[in-house]
Amino acid sequence: MKYHSTHPTGTKSQPRKEKIRIGWTEIIEFPDWGITALEAKVDTGARTSALHVENLQKFTDGTIAFDVIISQKHPVQTVHIRAPLLKIGRIRSSTGRYTTRCFIKTKVKIGPILKEIEISLISREKMTFRMLLGRKAIGRHFLVDVSRRNLLNLRKINTAQP
């Protein structure tokens with residue numbers, strides 16, 4: 001369904017694009033890293049996205065290296081990444097505590113949408129989901145149906161090809 005509105009001057013505005021419905025979890029991809037399936041929790045309460053990483057190292061050339069563990073159940077599925085450090089910033093967690101995190105920028109594919117997003121790197125070792133997709137990542141493209149999971153149904157979980 002496309003919506004049209006009329007401005008007070010009587011001219012029609014451009015039709016709005018329909019938002020893509022997603023569930024509270026979705027399978028996403030990181031094409032630049034060769035990660036083709038990572039289950040992410042969609043969190044409209046979080047402004048920024050967060051990714052679980054291990055072995056984070058900062059280098060003097062402005063880059064960082066880290067390991068992305070694709071699955072909590074299969075920790076051998078690991079992808080080693082080296083990327084430019086975007087910034088270091090403070091993030092307030094859901095418990096109200098502030099932590100200092102490294103941020104990177106990379107492309108993410110959510111269903112048919114490919115976009116570049118900022119991601120904070122943190123240990124989410126005790127969390128069920130390795131990736132938290134925040135409001136800035138879902139932006140104006142998606143509508144979240146909190147009663148459903150994996151509406152995009154891209155691929156089965158844990159089919160990553162490092």
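Student: What is a salt bridge here?
Tutor: A salt bridge is a side-chain nitrogen of Lys or Arg within 4 Å of a carboxyl oxygen of Asp or Glu. Keep in mind that this is a predicted model.

Student: How many salt bridges does that rule give?
Tutor: The count comes to four.

Student: OK, take Asp145. Which residue does Asp145 pair with?
Tutor: Arg21. Their closest N and O atoms are 3.1 Å apart. The pair links distant parts of the chain, 124 residues apart. Asp145 sits in strand β12, and Arg21 in strand β1.

Student: Is Asp145 buried or exposed?
Tutor: Asp145 counts as buried, because its relative accessibility is 17% and the cut-off for buried is under 20%. Arg21 counts as partly exposed, at 43%.

Student: What about Glu118? Which partner does Glu118 have?
Tutor: Lys87, with the closest N and O atoms 3.4 Å apart. Glu118 is in strand β10 and Lys87 in strand β8, so this pair ties together parts 31 residues apart in sequence.

Student: How accessible are Glu118 and Lys87?
Tutor: Glu118 counts as partly exposed at 24% relative accessibility. Lys87 counts as partly exposed at 38%.

Technical notes: Residues are numbered from 1 along each chain as its sequence is written. This is a predicted model: local features need pLDDT of at least 70, side-chain atom pairs count only at pLDDT 80 or more; totals for chains, interfaces and linings use all residues. Side-chain values use heavy atoms; hydrogens and water are left out. Helices (H or I, at least four residues) and strands (E, at least two) are DSSP runs, numbered from the N terminus. Buried means under 20% relative accessible area, exposed over 50%, partly exposed in between (1.4 Å probe, protein chains only).
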